[in-house]
Amino acid sequence: MSAFGDFAIILLSAVLVNNYVLTKFLGICPFLGVSGKTETAIGMSFAVMFVMTLASTASWLVQQYILIPLDLLYLQTVFFILIIATLVQFIEMMIHKVSPVLYQGLGIYLPLITTNCAVLGVALLNVQQDNNFISSALYGFGAALGFALVLVLFSGLRERMEGAPVPTAFKGSAVTLITAGMMSLAFLGFSGLVKV
Amino acid sequence: MFESLMYAMAALGGFALIAGLILAVASKKFHIEGDPLSDKIDALLPQTQCGQCGYPGCRPYADAVAAHAADVNHCVPGGERTMQAIADIMGVEPKTLDEEESAPMVAFIREDECIGCTLCIKACPVDAIIGAPKQYHTVIADHCTGCVLCLEPCPVDCIDMISKPELIEHWSWPLPDTERAHTGLERRESHQHD
Amino acid sequence: MIKQFLNKLGISPSGFAGGIHPDMRKWTEQSPIQTCPLPSLLVIPMKQHIGHICSPLVGIGERVLRGQKIAKAEGYLSVPVHAPTSGTVIKIEEHAIPHPSGMGLQSIFIEPDGLDERDTSLAPMPDWQAQDVGALRERVRMCGIAGLGGATFPTFIKLVHDQKNPIETVILNGIECEPFLTNDHRLMVEHQDEVLHGMRIIMHMVHAQHGIIAIEDNKPDAIAAMQHAVNALDGTHNIRVLAMPTRYPQGSEKQLIEAITGKQVPAGKLPMHVGVLCQNIATTRAIYEAVTLGYPLTERVVTISGDAVPERGNMRVRLGTSMRFVYEQCGLTDFSGIQLLHGGPMMGERLRHPDIPVVKSSTGLLALQQELFKEAHPVEEPCIRCGHCSQACPIQLTPNLLADYSRNEQLEKAQDYHLFDCIECGACSYVCPSHIPLVHYFRFAKGQVAQVRREQQFAEASRQRSALREARIAREKEEKAAKRRKVRAKQTPVASADDATPQTSVKD
């Protein structure tokens, strides 16, 4: 199969078939936390895309050129978290400068990208699947894209629900989680599309 | 074994150093001046400078809210709408206001009783009272914000707060007279969001 | 493009999206225009147009003539008000007007003397082709002409020849798509030559190339009458009559332009930006009278209809006549259990009582039995997302979403969904199966947005005043300190000669 075909399959798999939020159930915290408004959702998507893509590439590089040659595989988690934390700090400063309102809107969820299991998950899965450099980068980007897609879709739904007459017993988290579950069911329709 | 430990420390230490350097450079580059968040909050406040929030003016309250030193629900003249907008920006839950918001009022001086002492003129934060020593004082109704700060200084208590006259140009349609129309209002006032 | 091609073939195009077909009930379309007698009191409000309120020019006890200017226009967006008949001014005070709030406006009360003597200060201009276009425009303004289709926009503002936005086509709006109303219809049937004459004046004023008289196809006699008048012209004029399919709201300016020319007037822009000028039939005739006869606007044709009116018809009514008087002329004297409407049933206002004067926007006076209304307070049921409202909307908005946002006062989101592009035609409310009063919600939201904007402007002005005050106080302090320093500086040589106290710097 052509290289381009391979890359397309990686992207498709990461975005739709094995979506990080709705199929693997990673990164639920920011998914529910910042999806109240579409502006914060889009802001968070960009932040996560930046962190995930760079984190997965940097992690791959560290894995290949530092950990394996020097036989330091037991330090894998420490190094990966170090990379992720640095990137998150960087993006936090950038957002604070560029858009203080977005910074305020994201609140605590911005530094929490550090502990987002999806970001660490992507880095570790790359290692587990033994991808090459380009595949790792694409996989990280695809995972972030999938996260962004679902986050923005969900924020649109939540904004509509804000004005809707939800029964009292279901108001708030209940209807939010039910909606997330239904989205997950919908994405189940993609399973089997791509074999990865 | 010692060698591998050295490698580990060197690798980790080196990596941490590089990361630290990158962040130091970034913090210099992304340094922000002033407090743009405070500006945004100040733009939402009604600028009555009345002090009902406990701060000596609207800008100090905006600064306090931006610094997380004050709650979002202290501005009474701003009402529900201002409180919601501030809560939106700060990303916090809306809260009920300290006091009920009342209909807009303006001050009115009973000129027959005015003694021309200029104490109310000095008290008005937006210079909405005109007059001079030993002359009648009068309130420019279009400029009055209803902050009530002029009532106390008046030695003869000749100032009343009257409701702002409604102009036909400023009239707007109320909500339709159905039961469901008011559910939106109830939803907002119960603050049952998540 | 296809629409324009079909247009040239003489086939009227289907036009704009959406629309509804209510039962037209044009019960008065065959009733010739009768003249309403002069009442014993005329109440003329100071604002009968969009724009600034006029200020009275006459005093109590003064005698005025018909057509005499009794209130002058303030500002650009305004037209003057004239006395509808000769008589004496007896008072100037607030009186109710046809406004949904029920509030009143300053009005001039005139007691007619029965002589109906005209003011002749404005000279007739039968040779208007030779006149300067600016002078004609000023004549239209001076005669107090505003859009008589109900909007009452000052007409002279539209009649401008602007090089940047030249007008190619003048469309005469003879659609009259509101149920019950027939005043434009009767004007076309009975005064076709005058209407056409007015159209030629308009075309001359804006240097237009084409003229189209658009008439709904439920008025075949009006189409025939206008065609007859056009045929009598000498053929150098590029005017033709176009029959449009009957649909509400075909008569809405932007919808009509889209249906005829295929061009959509962009949101926030005016018809002149697509090279079109739309004018109502009654306004056109008023322009004819103002220019060729020198008559200011003192009367208008009103349709009095509805199932509660015994003798329905169309009447030429002097402005300022009490609506109660007009209804009585048509046989309606007992107003209990009757719902009164000012204008048409789709976009008109409900009147609380009939003691309100007829104004420039009074296209119709309707009186309907209460039972005809869908219960005074219909039970609003939840939206079932059927989509009928979106299908009916001529602007292609989504009324159900807009109503949700309006109800919850999510004003930014409502504006994102184009709240201000809504023309409040009522087509969506008409088709809603859940009886949701959609247009009411939009009006509420628009009012809230306007209120928020006003509050923000006031807050900004207060902030500036407060800042200026603080600057003033700081400046006064500094001046006092400078004065003190000056005084000290004068005193110090004397003081230091006598004692050895060190000079202390002035601290504020």
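This is a predicted model: local features need pLDDT of at least 70, side-chain atom pairs count only at pLDDT 80 or more; totals for chains, interfaces and linings use all residues.
Local features are reported at pLDDT of at least 70 and side-chain atom pairs at pLDDT 80 or more, whereas totals for chains, interfaces and linings use all residues; side-chain values use heavy atoms, with hydrogens and water left out. Residues are numbered from 1 along each chain as its sequence is written, and chains are lettered from A and ligands numbered from 1 in the order in which they are written.

We may begin with chains A and B. Their contact (heavy atoms within 4.5 Å) involves 28 residues from chain A and 27 residues from chain B. The size of an interface is often given as the accessible area lost when the parts come together. Here the buried area (the accessible area, for a 1.4 Å probe, that two parts lose on being put together, summed over both) is about 2,500 Å², and carbon and sulfur atoms give 73% of it. Zero salt bridges are found across this interface, a salt bridge being a side-chain nitrogen of Lys or Arg within 4 Å of a carboxyl oxygen of Asp or Glu. Two residue pairs, both residues at pLDDT 80 or more, are in polar contact between chain B and chain A. A polar contact is a pair of N or O atoms within 3.5 Å; within protein, one must be able to donate a hydrogen and the other to accept it, and residues adjacent in sequence count only if both atoms are side-chain atoms.

On the chain B side, helix H1 (2-29), helix H2 (36-44) and helix H4 (79-90) each supply at least two residues. Helices (H or I, at least four residues) and strands (E, at least two) are DSSP runs, numbered from the N terminus. H1(B) gives the most, with 13 residues. By class, this side of chain B has 16 nonpolar, five polar and six charged residues. Ala, Val, Leu, Ile, Met, Phe, Trp, Tyr, Cys and Pro count as nonpolar, Asp, Glu, Lys and Arg as charged, and the others, Gly among them, as polar.

Turning to chains B and C, 38 residues of chain B are in contact with 34 residues of chain C. About 3,200 Å² is buried between them, 56% of it from carbon and sulfur atoms. Six salt bridges are counted between chain C and chain B; in one salt bridge, the side chains of B:Asp127 and C:Arg472 meet at 2.9 Å, N to O. Nine residue pairs are in polar contact between chain C and chain B, both residues at pLDDT 80 or more.

Within chain C, an open sheet of four strands has the order S2-S8-S7-S4 with antiparallel pairing (two strands pair if DSSP finds at least two bridges between them). Its edge strands are S2 (42-45) and S4 (63-64), each pairing on one side only. S2(C) and S8(C) run antiparallel and are joined by four bridges, with C:Ile110 in S8(C) as the bridge partner of C:Leu42.

Two backbone details complete the picture. C:Tyr248 and C:Pro249 are joined by a cis peptide bond, with omega about -5 degrees, and B:Gln47 has a positive phi, near 60 degrees.
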